Amino acid sequence: MSSPSAERPTFVSQRKLVVLAQIAFLPTGILTTLLGPMLPILISRWAMSDTQAGNLFLVQFLASVVGVQLSGVLLSRRGYRPAFLAGLLLMALGVTMLCFGSLWLGLVSVATYGLGLGLIIPTDNLLIAEISSGSGPASSAAAVSLLNFFWGVGAVFCSLMVAWSAAHHLLPFFLISVAAILVLLAFAMRALPFPAAEALSRSSVSWLELTKSPTIWIFASVFFLYPGAETAVGGWIGSYVSRMGMRGVAMASMMPAFFWSALTAGRALGTVFLRHFSERQVLRAGYAAGTAGIALIMWAPSLTGVIVGASITGLAFSVLYPINVARFSQRYGVSARSIGAVMFSLASVGPAVLPWTVGMISQFTGSLRTGLLVPLGATAILFVIHLFDW
């Protein structure tokens, strides 16, 4: 009797897998960005300093690194199914625990759903990129962009729902509802025909040869810096507005929504961008505009200016990550499954280190604006990297 992972997929079953995999990125977007709108609330509830608040990002994304490494082992030995389902269930458990207890239980909660995110994010991205790669590079980039559009919808929904549910004292209900959706997704996907694990044995990766290639180091830099800059902006902008005294905690919790809304809208239009402009042109323009947007956030004298800066940054960032995931998958083929464990680990280390560094600099200097020089510098470096052909 063959296992579900070894069954020959029909068009309908594979289509169902793709649709549910895309939907799974809705709660993934919620949990990845949850600390942003929750941070002003958690700082008040647990009386945290900026350094302690930055530790939450550190815990989440270091746990994600462990999850990414585990996903690499599972993908190579068991295929996509165990990593995908385990990721959904760990996320459900972690977000449920966030409803209760002290700072220490909160750290355990963040680590638990961070571990789940580390499993689901590379697995889902590589799954969609691999399934769609047969239709050509543009199709692969568009498919990954659509996947991350769902992630962006979750991020926007997160900011709005945290602000609304906190105002109506329904925050635990919102968090438990997210957990329930994750469990239902795991149940619905448990028997679908994921790509078989046996396909991995056909690819061999020479790590010694890879380290001699400048391209792999450039990809490593991109996977580290870009997610770190995105998380730093989305994670700290609410607290930045709160420190400026702009219309209270409710506005602070809603501020990430402007950033994530623009990012999501850009991903919805990603196919149009890629139809009229080359990937390289989109990357260069995106990093340039992102640098300008972060600078505007930092130096705008009014709330309107910060909102405009956040919107510019989100729109500029929109298709950068999907394009780089698609380029990575196209460059390394099936080997991307094993190499991806390293790259997506860096994509978790960056969001751990850069937001944490923002908090450390803010604590040391007494200025969160100074801390935001970190994502500004990272985005500027990425712009310079993409001025060259590689």
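# Exercises: salt bridges, cavities and a surface patch

Arg-243 forms a salt bridge with Asp-50, and the closest N and O atoms are 2.5 Å apart. The model is predicted. The exercises start from this pair.

## Exercise 1. Buried or exposed?

Task: classify Arg-243 and Asp-50 as buried, partly exposed or exposed.

Solution. 
- Step 1. Set the limits. Buried is under 20% relative accessible area, exposed is over 50%, and partly exposed is in between.
- Step 2. Take Arg-243. Its relative accessible area is 43%, so Arg-243 is partly exposed.
- Step 3. Take Asp-50. Its value is 10%, so Asp-50 is buried.

## Exercise 2. Trace a network

Task: find how many salt bridges the whole structure holds, then work out which residues share partners in one network.

Solution. 
- Step 1. Count. The search of the whole structure gives 4 salt bridges.
- Step 2. Take one pair. Asp-389 and Arg-280 meet through their side chains at 3.3 Å, N to O. Asp-389 sits in the segment after α18 (373-385), and Arg-280 in helix α13 (residues 279-299). They are 109 residues apart.
- Step 3. Take another pair. Arg-284 and Asp-389 form a salt bridge at 3.4 Å, N to O. Arg-284 belongs to helix α13, and the pair is 105 residues apart.
- Step 4. Join them. Salt bridges with shared partners connect Arg-280, Arg-284 and Asp-389 into one network.
- Step 5. Asp-389 is exposed, at 63%. Arg-280 is partly exposed, at 27%. Arg-284 is partly exposed, at 27%.

## Exercise 3. Describe the largest cavity

Task: give the volume of the largest cavity, name the element that gives most to its lining, and divide the lining by residue class.

Solution. 
- Step 1. Count the cavities. There are 2 of 30 Å³ or more.
- Step 2. Give the volume. The largest cavity has about 330 Å³.
- Step 3. Find the centre. The lining has 30 residues, and Thr-32, Ile-121, Trp-151, Pro-227 and Glu-230 are the closest to the centre.
- Step 4. Assign the elements. Those that supply at least two lining residues each include α2 (25-32), α3 (35-46), α6 (103-132), α7 (137-167) and α16 (336-365). α10 gives the most, with 6 residues.
- Step 5. Divide by class. The lining has 16 nonpolar, 12 polar and 2 charged residues.

## Exercise 4. Describe the second largest cavity

Task: list the residues that line the second largest cavity and find which element has the largest share.

Solution. 
- Step 1. Give the volume. It is about 40 Å³ for the second largest cavity.
- Step 2. List the lining. Ala-232, Val-233, Trp-236, Ile-237, Ile-294, Ile-297 and Leu-372 line the second largest cavity.
- Step 3. Assign the elements. α10 and α13 give two or more residues to this lining. The largest share, 4 residues, comes from α10.
- Step 4. Divide by class. The lining has 7 nonpolar residues, no polar and no charged.

## Exercise 5. Turn to an open site

Task: characterise the lining of the second largest pocket by position, element and class.

Solution. 
- Step 1. Give the volume. The second largest pocket has about 220 Å³.
- Step 2. Find the centre. Of 13 lining residues, Phe-273, Val-282, Ala-285, Gly-286 and Leu-315 lie nearest.
- Step 3. Assign the elements. α13 and α14 (303-317) give two or more residues to the lining. The largest share is 5 residues, from α13.
- Step 4. Divide by class. The lining has 10 nonpolar residues, 3 polar and no charged.

## Exercise 6. Check a surface patch

Task: name the residues of the nonpolar surface patch and show why Ile-176 passes the accessibility cut-off.

Solution. 
- Step 1. Name the members. They are Phe-100, Leu-105, Val-108 and Ile-176, with about 330 Å² of accessible area together.
- Step 2. Apply the cut-off. A patch residue needs over 30% relative accessible area. Ile-176 has 40%, so Ile-176 passes.

Methods. Residues are numbered from 1 along each chain as its sequence is written. This is a predicted model: local features need pLDDT of at least 70, side-chain atom pairs count only at pLDDT 80 or more; totals for chains, interfaces and linings use all residues. Side-chain values use heavy atoms; hydrogens and water are left out. Patches are made of residues with over 30% relative accessible area and no salt bridge: like charges are joined within 9 Å, nonpolar side chains (Val, Leu, Ile, Met, Phe, Trp, Tyr) within 5 Å. Accessible areas come from the Shrake-Rupley method with a 1.4 Å probe; for residues, only the protein chains shown count as cover. Buried means under 20% relative accessible area, exposed over 50%, partly exposed in between (1.4 Å probe, protein chains only). On a 1 Å grid over the protein atoms alone, a cavity is a set of points where a 1.4 Å probe fits but cannot get out, and a pocket is an open set with protein on both sides within 12 Å along at least five of seven lines; lining residues have an atom within 4 Å of a point. Grid points are joined across faces, edges and corners, and a volume is the space filled by probe spheres set on the points. Ala, Val, Leu, Ile, Met, Phe, Trp, Tyr, Cys and Pro count as nonpolar, Asp, Glu, Lys and Arg as charged, and the others, Gly among them, as polar.
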